[in-house]
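Here's a quick briefing to read with the sequence and model open side by side. Start with how the chains meet, then go inside them.

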Amino acid sequence: MSKQASNAVQLWDFPGGIHPPERKQLANRTPIAHLPLPSVLYIPLRQHLGSAGNILVQPGDTVLRGQALTEPGHTGGLPVHAPTSGTVQAIIDHPSNHPSMLAEPCIQLIPDGLHNSVAFEPISNPFEATALSLLQHIQQAGIAGMGGAGFPTAQKLAQSRRIELLIINGVECEPYIVSDDRLMREHAATIVRGSLLIGHILGNPAIVIAVEDNKPEAIQALEHALTQLDSQQAEQISLRVVPTKYPSGGEKQLIQVLTGKQVPARGYPAHIGIIMQNVGTAFAVARAIDHGEPLMERVVTLTGEAFAQPGTVWGLLGTPIAHLLTHAGLQTEAQQRIIVGGPMMGFTVTDLQIPITKTTNCLLAPTTTEIPAKRQELACIRCGACEQVCPASILPQQLYWLARAKDHDGLAQHHLSDCIECGACAYVCPSEIPLVHYYRQAKADIREAHIEQQKAEIARQRFEARQARLQREKEERLERHRQAAEARQKALAAREREHAQQAEPAAPNAPAAASDDPQKAKVAAAIARAKAKKAAQQVQQQSQQGDSESS
Amino acid sequence: MSILSGILVLAGLALLFGLILGFAAIRFKVESDPLVDQIDEILPQTQCGQCGYPGCRPYAEAIANGDDINKCPPGGEATIQKLSDLTGREAKPLDAAHGVEDVKKVAYIREDECIGCTKCIQACPVDAIMGANRQMHTVIADECTGCDLCVEPCPVDCIDMLPVTTKPERWRWQLDSIPVTVVDATQALPEQKAEPKEEHSGSQV
Amino acid sequence: MSFYIASSPHAHQRRTTQHIMLWVLLALIPGLAAQCYFFGWGPLLQITVAVTVALITEAVILIVREKPLRATLGDFSAVVTAVLLAISIPPLAPWWVIVIGTLFSIGIVKHVYGGIGQNVFNPAMAGYVLLLISFPVQMTSWMPPSTLATFELNFIDSLWLFFTQYTSEGYSLEQVRLIELTQSLDAIVMATPLDEIKTQLSQGYTLTEIKRSDVFSGIAGTGWLWVNLGYLVGGLLLLYKRIIQWHIPVALLASLAFFAALGSLFAADQLPGVSLHLLSGGAMLAAFFIATDPVSAATSNRGKLVYAALIGMLIYIIRTWGGYPDAIAFAVLLANMCVPVIDYYTRPRAYGHGGKAL
């Protein structure tokens, strides 16, 4: 502990990084607002990383607020819950909150405005409870990482490894987004409580809450919340202010800033004894354990100059984004960019009926003067600016050439998989090359090629197995025929012998005739069989034709 | 004499190096996959027979024996390119006589029309159709290679080849393929109120 | 209305190639001003012709290659190449010299390799080397700095010399230089100060004796000192505006200074010292404007250090033991050739692949 304390002030740096205009004041001045109920909710079955759960409701069912709509199936998955009471109208494919906007199964819920809740079951004395029971509770509450990827929280916390450090990530380094900022200002105590609960599950490692130095109010609120703790808890948890630099809120980057360690490639932070959770997740965990509330809503930042009233709101999961955009007074332009997420890593959408999910932290609607339209991509001048800013220390420029050449082996050698898609390279590129887009497509192509390869391999095996089976069956058939023929021949020969013995004094050419005879007889028999079969088939066919005609 | 010695020395050297090379060729031999296996590895394994051979492996053998590399429609240009890289032969465009490159498809049996004749089962090169005599058949979509071979034998024409639907997690970032939706500004946000919104001071920051 | 579809990141720094190149041109002004002050109108004439030829060449090639014309012409990279070449050659070299040089730089060195971003060699320096080995007389005919000259060349004379090789009064460039030669008390054949030192050293003079001449004013060549300081100021501006990184200039100058100091240590009277090396030739121009050409330089920070140090060392070696007046162009081209190797061995260690990244 004393060693930890002496280390407390030291911070490290990560390579690269950029300082884009932060523009956080746009939305962080007003408290998190509550919205009127939307007229319809589209609750996606899958709002996390992994497979969807099994549906528990049917169209026409009346559901209560907090009622589970799905349960984890045999392939895993997280439950989703009704964020308000109402009627399940249908289970439909609805455009998803994903850059592709491809349709995914959603539960269409019509709120009844009654806010009838199920009886929530909090866990009293959670610090006495076993980690397993708390994990099950978190799982049932449907909590997934609320910082970005949406990894199921219980799954992440269920570590067999020894965890020495829990990092609660309140860095929120991406410009414009202030959801975590507002949450920390208004609910610092709950976040600290959630952090301690997660710490308890992990066997009480040291806990560090990290906040970027551009959020003084949030830092103050957290400091105040920490002073309220008893001395033992206060010793376990500490607040650390990190310098503002994008993307210091990235999991790997923040670990490097706080500990100087790097997560091994293709590994997880748990491999070096660290677990990171977003402040929003810590908040949700505290709500789930202390109040029994499943994850039903989250803070969404509505920001950008196209909004008349930017700010933050509590968005019910499943709310169509149009409802939120209207609330903030969106004034659309001729070519309006609606970005889910921030200006660095968010994606544009063209359908305003897509729902808010567990990972939707921001809706950004900039004006064209604020974020101008993309200009034409020019030739790479090999200036190396991208390399200077890459936080993963990979070579963006080489990757760009390799991606254009579709050289998958080369991309793997140059560590494409270590790219975190933060967008720093494309941000500084003087030729405005959409580098990240090239990497995403290359990653998708590699993934597809891999899947196709596996499928081809399976198809080959199945084909070969089938060929082998057909061959075997053919051989078996031949073998059976041969044996049958042999048996017949033997029987015939035996008969012949008897015959011959009886007609001993017959002519000397008799054996030859005898050997001829059975052959002829066999052929004749076979011909007769075939004819009979043919006739039978014809009859059958005629009768079938007759059937079909008559029918 | 000097000529003779020169010839002898050179011949001796030639012999020596020849021996060294010969030894090295045997000693450091690199075992590589036979060509047929490598070609088979590249082919898409749909086993559709569009190339004119009964399956991918026979076509791989044919290519190894000098047949053209542009007869595989399911593999398309990408496969031709890979085969060209491997064999060193020119990458010709796909031979249209064998079919055209198409989107990936998967067979689907309209189950209420199926009479259970097992003809499609016999035709399937990868055993991806389940069913028995006079029992309804169904396609194991994950195992179907989209080879099309089951469609022909079906006496009641109840098999459709449906394009594989893309899932978000297997989307390939084709932003160009997202349709541009042109909407009336007032309809984009159905609940928007008509009254003018007060200008927010924060927008100047 | 419609919704705009784009891939992240949506925000952009908005520092374009054009922006960078314009800053480079702007930063050249102090050094160029000094050059014009000491060497007359020549550099401006050279630049005018070079830029014109460069833009026309680039435009023709872009049309032939069916590439977007405006975007590439508008990035000013051809202009920068032309200006760098123009200020490197003797101010009163005949017009066809710079025309040939520019044609070669843009047409062959840049576009035959695939246009901007693809060229292996620094176009300006490759053009310079072509001119130097093809037209050695014209490329070494430098005038003495105007402060020493007795023969005042006005704009008209410069123009006449540039285009016809004769002044309006009918003197040829050789005659003008001959007048300087006879008028000059030292009776020295004027080239660049470094060339001068080399010639004199070969005639058995010691460095101390040579430096007494008017051509040298204290620490470096007369006039050249100010030209170099001008480019240093411009370079610092580029550093300040973060157009270039510090790695290349610092490593280049440090490496050159190191070897010069080493040389002085062993043979103080036979080898020019640090100040002469840094301030009498093209060292500052090379360090801030030529070696920093992003296209032909190494990419990683470590790679840039190695690359620039290599240039510094090569400059010293070629200046000391080579047969040419200055060594910038050769050094840069040789280092360009080494870039792939340097890049290969200085790849930064990607995050999570072994120990701490650089």
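Predicted model: local features only at pLDDT ≥ 70, side-chain atom pairs only at ≥ 80, totals over all residues.

Strand β14 (residues 335-336) of chain A and β1(C) run parallel and are joined by two bridges. In that pairing, Q336(A) has F3(C) as its bridge partner in β1(C). Strands here (E, at least two residues) and helices (H or I, at least four) are DSSP runs numbered from the N terminus, and two strands pair if DSSP finds at least two bridges between them.

Residues are numbered from 1 along each chain as its sequence is written, chains are lettered from A and ligands numbered from 1 in the order in which they are written, and side-chain values use heavy atoms, with hydrogens and water left out.

**Where chain C meets chain A**

- The contact (heavy atoms within 4.5 Å) takes in 66 residues of chain A and 44 residues of chain C.
- About 4,800 Å² is buried between chain C and chain A, with 52% of it on carbon and sulfur atoms; buried area is the accessible area (1.4 Å probe) that two parts lose on being put together, summed over both.
- On the chain C side, Y4(C), H10(C) and Y351(C) lose the most area to chain A, and together they make up 20% of what that side buries.
- There is one salt bridge between chain C and chain A, a salt bridge being a side-chain nitrogen of Lys or Arg within 4 Å of a carboxyl oxygen of Asp or Glu.
- That salt bridge links E432(A) with R14(C), whose closest N and O atoms are 3.9 Å apart.
- Chain C and chain A also share 35 residue pairs in polar contact, both residues at pLDDT 80 or more. A polar contact is a pair of N or O atoms within 3.5 Å; within protein, one must be able to donate a hydrogen and the other to accept it, and residues adjacent in sequence count only if both atoms are side-chain atoms.
- β1 (2-3), α1 (17-39), α16 (301-321) and α17 (328-345) of chain C each give at least two residues to the side that touches chain A.
- Sorted by class, that side of chain C has 19 nonpolar, 18 polar and seven charged residues. Ala, Val, Leu, Ile, Met, Phe, Trp, Tyr, Cys and Pro count as nonpolar, Asp, Glu, Lys and Arg as charged, and the others, Gly among them, as polar.

**Where chain B meets chain C**

- Here 10 residues of chain B are in contact with six residues of chain C.
- The buried area is about 610 Å², and carbon and sulfur atoms give 74% of it.
- L175(B), T181(B) and V183(B) supply 54% of the area that chain B buries against chain C, more than any other three residues.
- The chain B side has eight nonpolar, one polar and one charged residues.
- Between chain B and chain C there are zero salt bridges, and zero residue pairs in polar contact turn up (both at pLDDT 80 or more).

**Inside chain A**

- All five of the five residues of strand β11 (residues 274-278) are buried, so β11(A) is largely enclosed by the rest of the structure. Buried means under 20% relative accessible area, exposed over 50%, partly exposed in between (1.4 Å probe, protein chains only).
- Strand β8 (residues 165-170) of chain A pairs with β11(A) in the parallel sense over five bridges, and I167(A) has M276(A) as its bridge partner.
- H137(A), in helix α2 (residues 131-140), counts as buried at 14% relative accessibility.
- The H137(A) side chain reaches the backbone oxygen of A288(A) at 2.6 Å.
- G194(A) sits in helix α4 (residues 179-201) and is buried at 0% relative accessibility.
- Leaving out residues up to four places away in sequence, G194(A) touches A282(A), V285(A) and A286(A).

**Inside chain B**

- Chain B has six helices and four strands, and 31% of its 205 residues are buried.
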